[in-house]
Structures are given as structure tokens and as C-alpha cells.
2 protein chains.
Amino acid sequence: MKQVVINDLKKIVGDKWVDQNPERVLSYSRESTNDNYTLVAPEPIEGSVVVKAADAEEISQILKYANQEKINVIARGAGTALSANTIPAQESIILSLERLNKILELDEENMLLKCEAAVSLGDLNERLKSNDHLYFPLHPGDEGAQVGGMASMNAGGVRAVKHGIMRNQVLGMEVVLPTGEIVHYGGSEGKLLKNNAGYDLMQLMIGSEGTLGIITEVSLKLYPEPKANGTLIVAFASREDAFAAVPAILKKGIIPMALEYVEKDEIELAAADIGKKWPAQNGEYFLMIMLSEAEEDDLFEIGAQIDQITAEHNAVDMLIAQTTAERKDILEIRSHILPAISDKIIDSPDVTVPRSKLCEYLNILNELEEKYNTRCPVVAHAGDGNLHVIILKEAGSKPDYYESLKKDIYQNAVDIGGTITGEHGVGEMRLEYLKMMYSERELEIMEKIKDAFDPNDILNSGKSIIRK
Amino acid sequence: MKQVVINDLKKIVGDKWVDQNPERVLSYSRESTNDNYTLVAPEPIEGSVVVKAADAEEISQILKYANQEKINVIARGAGTALSANTIPAQESIILSLERLNKILELDEENMLLKCEAAVSLGDLNERLKSNDHLYFPLHPGDEGAQVGGMASMNAGGVRAVKHGIMRNQVLGMEVVLPTGEIVHYGGSEGKLLKNNAGYDLMQLMIGSEGTLGIITEVSLKLYPEPKANGTLIVAFASREDAFAAVPAILKKGIIPMALEYVEKDEIELAAADIGKKWPAQNGEYFLMIMLSEAEEDDLFEIGAQIDQITAEHNAVDMLIAQTTAERKDILEIRSHILPAISDKIIDSPDVTVPRSKLCEYLNILNELEEKYNTRCPVVAHAGDGNLHVIILKEAGSKPDYYESLKKDIYQNAVDIGGTITGEHGVGEMRLEYLKMMYSERELEIMEKIKDAFDPNDILNSGKSIIRK
């Protein structure tokens, strides 16, 4: 980055908050993608600068300056993205939001929590502990994830079956537009449950992967904390049986907090890697069902119903974890599946299909495994049709069929009504596959929306939307 | 409309489906706004033509033609809009969707109902009766409302407290873009629970009031039908007490299906108008709380809790309606409040404020009542902060303070973090007030989004977004 730019940035945020140290710039330039998908993640271009703004006002000045000088700006949260969403592909201002780390308000009357962008999910949950009746349900795997990034990426995760994804939790936002204006969505206080005035730019901002604006504050919906929680693990001898049980459970009116699918090899490895033990002895394929109910009695009644339904689908075992410690262990093991095998995996497309088509998609995957003579382990948010399909290394390297297999994984999902990404977003890694889902005209509309917000294309340029 | 246009349209849809009869064109040009707000609703411009397309393919041809000839096109559902959202302000093609009236699929595995645009809420509920465990919660007042219009307007209504508004129910759509392309949102089947591929154009379409595309199919989320239903009516002697009880109930973790606020004069009039009796004898101000729970026992327990909470807020009476007939009566009376007094009202802004600010807003309304020496009855979806403030006629006419009072009603809502419309949308009637909520830059972005979808501005031109 040119020295004159560095000097100008220092004038905005102060000398202390502009960092050019190559090692630190590198650590701010890499994200979880680089750690998890070492062989296929793009490495950052050098020469960027890290800027740590104090507030929306400073961010506004930075964006106005970047617009004038046509410099790319990348909003940086916890760096937990998984599709090369924040890795500089050109010399950039890496705008770290870490100083925007305050929980602004726990508003019990409106049942919401208002946070600055860099409040992590862990911080948020810690803050809610002091409150005995409201909680935030969402849980993408990494508790380091920050609310600004979670909104920007429309995070999902395991606990999305009952209350939905991030999009459903955001009631308001403060955003700095690429052209520098500070705007508020969800009314001036970000506390509206209904708003039909004009196009819903907040919904557009959610999931836009840092390309339309810098989210500086988020108001999150809270829910009454369920009084009775339990996690069931149901074991099956076949994949098909496990997946067939999913719609059967939901159709009965049982809506768990989470309904996950995991496989034996991966879950046992994940458990061992963090020094814990996966509690199920029998079976190879597991449904992990997190129940949250009003009363203990409901828990047992629903447990009994699930036992009956899954028995009809040839379940070989069922366990129930009721203590907080047991349940936490199970969630931790589940969250650790991908990190635990990151040295074995090339990539992990997070395709999503209609929930009822999970079985069909798994049969297709079986065919792909045969076609490429490999194994594709699967972790799935079975309750919402979202799969993480793991593409494994071959003898420690990228197999020559990688591109072809990946394309098949995406195309087959799209062909049966699915999407190329249900959680991790497009980033750089899925840009070329957007064409599988959208016509030229739809992509053109997306480009024009990007232009409307960001006429000079300074914000996270080249990520998430194809640019001419 | 020029004869050559009529002939061209007949070539697309067939002679039978093009109607120029002035009386019928007028009835397709007017909407509920004209019936409810007779003195302030704009009257339609004459000379439009009604076209009844068979399917998305014909609609595509009509839009391509309209683009070429630069003719305004207005999508027409049931005509239940309330903000002059579909009244022609210029010679238009009124594109009636009435032939797209098929329920396409009740998909129990994915818990969704796929309908063509003109399926009414009544039809939809009728269809779901044959199914003993899934239901659709939303209930905007008029069961004639059609799903395409409900999505286009992001309908709300009374039953939005537990499961949210229309935006939260739409899993997929088929839409004809203004330029004629037929596109599918939510994957090719419209059945996705998670999709993070690209900007979420479906969310943008929801609530865009027919200005960005013609919705031809909608997939709606269904929920397990609650086994125990009850409606409580809690009576208060003061407005403030009634509203103060609302957050107190919700904070306790009681999330009803609906939490409504009504006032004695209006509710008794509505009841009488449809030959029914409002069951509460005491009190002037009422909370109407619709509970949907898993078990009968829960209903009684929650009822007892509400009794205690509302007693602390000086409730003077509580009634419980448990039979289906009683509950239906109450909902019908509630839905009839505005129709029953339509001959007395000038207008009814549906401002929304943060739920905790309802009391504050009502105090402001009291001041406005004094300032203008009038009465402003209020009907409120108290559970989500959404009010319908009624502006009354004076001696059967529009009072000279109407514009000024209306502006005060909007501006005061916006000033305390609210919106000018929580349900009915912008239409023609609120266009000038969008500036209260959004900066020039935000309105410019909205305009450019409109341009991206509709470069020739043929779709519902001049409604909902300020045009240069």
C-alpha cells in the first residue's frame, strides 16, 4: 500500500490503529478457509494494511476516502469464513471491526440484544447467562464468530430447525454504506418487528458477504429459554434409514432445536481429538436430536415418540443426554468434526437440498463415490436439508478428479432443487458456480444491485457476485 | 387503451381473456382502499384493460410486449390492498391473476404448501382442513387475500407473534420479471430452508408491492397444528394498563399466536354489524390473546399465569374462549372492526413502533387528540408493536386538519424508532412520507434497484418507490 494512503488512514483513525507489519497483516488476511482447506484456499495477496476503526463514524470516513482513491476495503470480523469470503485478492484496506466489541443493550421489554459488530457468539451467550429467561438459539460451529459477520454471511448452523437462520433473528442494523453514509435498518433504534416501508434493504444486506455495506451494529431477537433440554442420539446401521427417519419425525409435529446427522468415523475422530468420548456404542450413522421443551414431561413424551418413529426406521440404538455437561460435550464433539479432520480434507461444499430429498442426494453421492473411487463423508443439518460433503485428499494431495467431483456435487444438488451453498456463502470459491443457479438476467440484476450500493466497487470486490 | 394494443393482447391470451367493459374494468381498478377510505383514496384513471393470463408463460409474453410498448402493468389479486397499491394512475394493463388459482402441492415431507398466486387464504385453509396435523398460521384480516398478493405485500395481521409475518413463511417462488424472464427462488422447486448463493432477490421481492416482478407461485411453510387452542380476553379500565401488560406477558416466556389490543366502542360496533356479541361485559380496553399450545394442560397453566400478570396491571376481567365456535367468533369480530366503521373513517395509518414503546406512542396520540380536538380510536397488533390508528370523519367529511394530523401520526412514530407502515405498504398513499424514514441516498439505492429489475418502469409505476 502506498505510503500516502497509510498516512491518510492514520489521520482518520490515529497512528496506533494502522498496522502494516507483514506478519500481522497476513494473519488478518487469512481466514478459516486457509486453515481448513489448505490445498485449495487462495492465499492472500501481500501489501494490504490493517485498519482498526473505533466506530461507524471513522468507518464512514475510511469508506469515503477509499471511494475517492478507489481502494478495495474488506470488513474483517473473526475470520471464521469458509469460502474465501475475506481473503484479499488485491492490495486492500483490511478493516478490522475488533474495537466495535460492545454489547450495547439487553432489552428485555422488546426481547432483543443490541451488539456492536465484533461481539462474538461466545460473548453474547456469556452475557445472556446473567439473565434467567431469554436466550439466543443460533449456533454456527465456531463461537468465535462475530455478530456482524454472522449477519453479513446469514449464518446457519445446527440450531436452525426451530427458530430459523440468522436472517430470522436480525431485527435491526446500523450499516455504513460503501459511499460512507451511516444508515439504520429496522427503524432508528433497530427494534421493529414489522416494517413494510420500501424495499427491504436490511434483508438484502443479510447474506451479502460484506459486498454491500459494513455492518456496525445488530439487534438480535431473543427467545424464552426453554426449561427442559435434552439431546437424543439415535443410531442406525444404514444412511438411508437415518435420513428417512428425519421427515417422519418432523411430520409428527416434533420440531427440535437441532436435527443433525453424523457418521461414526468422523464423530469418533472429533471426540478423540478433543479428549472426549462419543457416547453411542452401536450403529454407524447417527441422528443427533436436540430437544427444547417447556417441561421435563414433554421431553420424555417426545423422546418416547421419537423412539417409536425411529424404531420403525430400523434404528439400532437410542441414547438420551440430559445433563448440561453431557449435552455440551455432544455439541462440542459435533462442532469439532470438520476441524478434527482438516488435515485430511480438500474441500467441503455445503450444498442444501429440499429436506425430503436428502436420501435421493445421498444415493447420488454414493454413485459419485463409485465414479471417482473415493469416499465422501457427510455431516448434515438434516433438519433443514443442509449437507457438508467432505472431499478427501488422496495420499495427502489434491486428487486430479477434485474439480470434476466438486462440480458434480454442486450440479447434482442444483438439479434436484438445491443450492450450491446453504451456509458458507459464495466467496471466491464458489463464484463460478453461481451460473448453475441463476440465469444471465438474474446475475445482471445482482450486479446492478451491487452497483447501486457500491458504484466504485470498493467493498470486498470480486467476492460473491460476478463482476463484469 | 389503443385498439392495436388490445388486439395484440388478445393474440397472447385469447379474445375471451381481454376485457374492456368499463364497468368491469372499474371494478378491477378499485381496491379495498376505495371502499374503506372513500374520501382520500385516489380514483382510478379510466381506459385500462383487464387481461386474464393463463400462466407464467403468457405473463412473460405480456410483460415483454408491455416493455416494448412502454405500457404500465398492474398485477391484480383479490384487491384487498389498503394503501392505493394497485389503483391505476395511468392507462394500464390490469393483469388479473385469477386463473392462477390452483393449489399445486401439499408436501408433507417438506411441510409446505405450493400454490399459484391467486389461491386465497380461505382456499388454502380449506385445503389444509383435510390434513390433520399441519397448518398455516398467518391471518391478515381478509381471507379473500391471495397468496401472491400476501407475498408481494409482506402481509402481517393478527397471527404474527409466534411464527412471524409473510416474509418468514415464504420458502420459494416463481416470479415473472418485468423484462419477461421466468425465475424461481428457493431453488428450482421452491423448497429450500437455507440458501446463501448470491443476493437474496426473493427477500427483496417480498414486500416490493408488485413493482419488481409478478409472483406466480409461492411455497408456504406449514407448522405442526397446535393441539390446544384458547382465546383469552382481558379487560382493562385504562389504555396504559392494557399496553403495559403486553411486554410483561411476553417477558415471562409466553408467546401467543396473537396478542391484540381493541377498544370497546369499535369492537362492540363490529360485533353488532355481523350480528354477534362481544363476550366481555366489563372494561373499556381489551387484550385478546390467542394461545396455541401442545396440550390442554399448558393452556390452563398459561391462562393462570396471564391472569396473575394482568391482575398486577389492574385488569378488571378475564374471559376464556375454548370452543372453536367461540374463538372463531372473536377473530371474526376483530377482523370486522375496520370494515364496520368504514363509513366513519377517513384513513387508518398502520404505523409500527418498538413493542415497548406502545404506551409512549399512545400518550403521544392522546396529545394529538387534544391538539386536533378529535378522537383517534386504536386497533393494535400489540404483540408486535403494530397499530392501526383511525382518523375519523368530522360531520361526515374530511376535516381540514386531516393532512396535518396524518403527518403527525407518521412523524411521531418514526421519531421513536418506528415505521410509517408495518403492514399495508407504501402504495400511492404513503409515497411522500418515505422521506421521513430514509435518506436521499437510501431512496436512490431503492430507485436503482427498481431500475435493475424494471428498466422501463412498466410494473406498477409510481407505486411504493419515489421515481425521478
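1. Val262(B) is buried, at 0% relative accessible area (buried means under 20%, exposed over 50% and partly exposed in between, with a 1.4 Å probe and protein chains only). Val262(B) sits in strand S13 (residues 258-263) of chain B; helices (H or I, at least four residues) and strands (E, at least two) are DSSP runs numbered from the N terminus. Leaving out neighbours within four places in sequence, Val262(B) is in contact with Ile267(B), Trp278(B), Glu284(B), Tyr285(B), Phe286(B), Arg334(B) and Ile337(B), where contact means heavy atoms within 4.5 Å.

2. A word on the ground rules. This is a predicted model, in which local features need pLDDT of at least 70 and side-chain atom pairs count only at pLDDT 80 or more, while totals for chains, interfaces and linings use all residues. Residues are numbered from 1 along each chain as its sequence is written, chains are lettered from A and ligands numbered from 1 in the order in which they are written, and side-chain values use heavy atoms, with hydrogens and water left out.

3. The buried residues of H15(B) are Tyr402(B), Leu405(B), Lys406(B), Asp408(B), Ile409(B), Tyr410(B), Ala413(B) and Val414(B). They pack against strands S16 (345-347), S18 (386-389) and S19 (391-392), helix H14 (358-372) and H16 of chain B. Just after H15(B) comes Gly417(B), with a positive phi of about 90°.

4. Two backbone spots to look at. Most residues other than glycine have a negative phi. Met111(A), not a glycine, has a positive phi of about 50°; it is in the loop between strands S5 (103-107) and S6 (112-116) of chain A and is buried at 5% relative accessible area. Lys70(B), again not a glycine, has a positive phi of about 55°. Lys70(B) is in the loop between helix H4 (56-69) and strand S3 (72-76) of chain B, and is exposed at 54% relative accessibility.

5. On to the interface. Chains B and A bury about 6,700 Å² between them, 57% of it on carbon and sulfur atoms; buried area is the accessible area (1.4 Å probe) that two parts lose on being put together, summed over both. In chain B, Lys194(B), Asn196(B) and Tyr199(B) lose the most area to chain A, together 16% of what that side buries. The contact takes 85 residues from chain B and 86 residues from chain A.

6. How many salt bridges link chain B and chain A? The count is 12, taking a salt bridge as a side-chain nitrogen of Lys or Arg within 4 Å of a carboxyl oxygen of Asp or Glu. Lys357(A) and Glu189(B) meet in a salt bridge, at 2.9 Å from N to O.

7. Last, helix H16 of chain A (residues 440-453). Of its 14 residues, 10 are buried, so H16(A) is largely enclosed by the rest of the structure. Among the buried ones are Arg441(A), Glu442(A), Met446(A) and Phe453(A). The cover includes strand S9 (182-185), helix H7 (201-205) and helix H15 (434-437) of chain A, together with S9, H8 and H17 of chain B.
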